[in-house]
Amino acid sequence: MSEDMRYLTFALGKGRLAKKTLELFEQIGITCEEMKDKDSRKLIFVNEEHKLKFFLAKGPDVPTYVEYGAADIGVVGKDTLLEEQRRAYEVLDLGFGKCRMCVCGPASAKELLKHHEMIRVASKYPNIAKDYFYNKKQQTVDIIKLNGSVELGPIVGLSDVIVDIVETGSTLRENGLDVLEEICPLSARMIVNQVSMKMEAERIKKLIADIKEIL
Ligand code: PRP
């Protein structure tokens, strides 16, 4: 690596996705030992050999860092990309973090989805919910934003249904709720800043090609 090469910066969503992403990078020979220390509160890590920087951010903030160029590359769930609507190139489906965005609720709520009724929809993803009900189904609904444990919505009477991620389905099962409609499949994606894609085309294309080879 030449001395004057600039760092390529990666924004990773904290948690499960970051761990999987680092495992993937290891397979193409990019390691970052200090990032594996679970007790560390450090937020940014450097790989001097390859001139790379990695930082951990809240998932929904990853597309923001990438749009503004504070990170060249981001790894984030498709759910977050759909919800945040940031400008960036989506270059790779990494194939992990597979799950589905669904409309869920008690079985009795299925009828409410058939007749364009004015219903209440609770979700951590108000933009995805809005797009689905207003544009795809042409159903006017009242959308209530929640920040987690969204399954509570129909149970405590806040909403008729929810729009949420379903992975194994056990959260729904344990709370007496069903998948009523499927909105779209989800998985982890790699995104690239639009300017970086041009300025660092060679390095980024090589990285994408290396990852593609092992997927
Ligand atoms: C997610 C999602 C569901 C659950 C789905 O929540 O919102 O609640 O996982 O997984 P399952 O189908 O395998 O049960 P998360 O654990 O991220 O927490 P949250 O409720 O605070 O969003």
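**Ligand shell, pocket and cavity**

A polar backbone atom of Gly169 lies 2.7 Å from an oxygen atom of the ligand; such a polar contact is a pair of N or O atoms within 3.5 Å. The model is predicted, with local features requiring pLDDT of at least 70 and side-chain atom pairs counted only at pLDDT 80 or more, whereas totals for chains, interfaces and linings use all residues. Residues are numbered from 1 along each chain as its sequence is written, and side-chain values use heavy atoms, with hydrogens and water left out.

A polar side-chain atom of Thr171 is 2.4 Å from an oxygen atom of the ligand, and for Glu151 the distance from a polar side-chain atom to a ligand oxygen is 2.6 Å. The ligand taken alone exposes 490 Å², of which the protein buries 70% (Shrake-Rupley method, 1.4 Å probe).

The shell around the ligand holds 13 residues, the closest being Lys124, Glu151, Thr168, Gly169 and Thr171 (a heavy atom within 4 Å of the ligand). By class, the shell comprises 2 nonpolar, 6 polar and 5 charged residues, Gly being counted as polar and Tyr and Cys as nonpolar. Strand E9 (161-166) and helix H6 (170-174) each contribute at least two shell residues, and the largest share, 3 residues, comes from E9.

On a 1 Å grid over the protein atoms alone, a pocket is an open set of points with protein on both sides within 12 Å along at least five of seven lines, a cavity is a set where a 1.4 Å probe fits but cannot get out, and lining residues have an atom within 4 Å of a point.

Two or more lining residues come from each of helix H1 (16-27), strand E4 (73-77), helix H3 (78-84), E9 and H6; H3 gives the most, with 5 residues. The lining divides into 14 nonpolar, 14 polar and 13 charged residues.

The model also contains 1 cavity of 30 Å³ or more. The largest cavity holds about 50 Å³ of space and is lined by Leu22, Phe25, Glu26, Ile30, Thr31, Cys32 and Lys36. Of these lining residues, 4 are nonpolar, 1 is polar and 2 are charged.

Note on methods
Polar contact = N/O pair within 3.5 Å; in protein donor to acceptor, adjacent residues only side chain to side chain. Helix = DSSP H or I, 4+ residues; strand = E, 2+ residues; numbered from the N terminus. Points joined across faces, edges and corners; volume = space filled by probe spheres on them.
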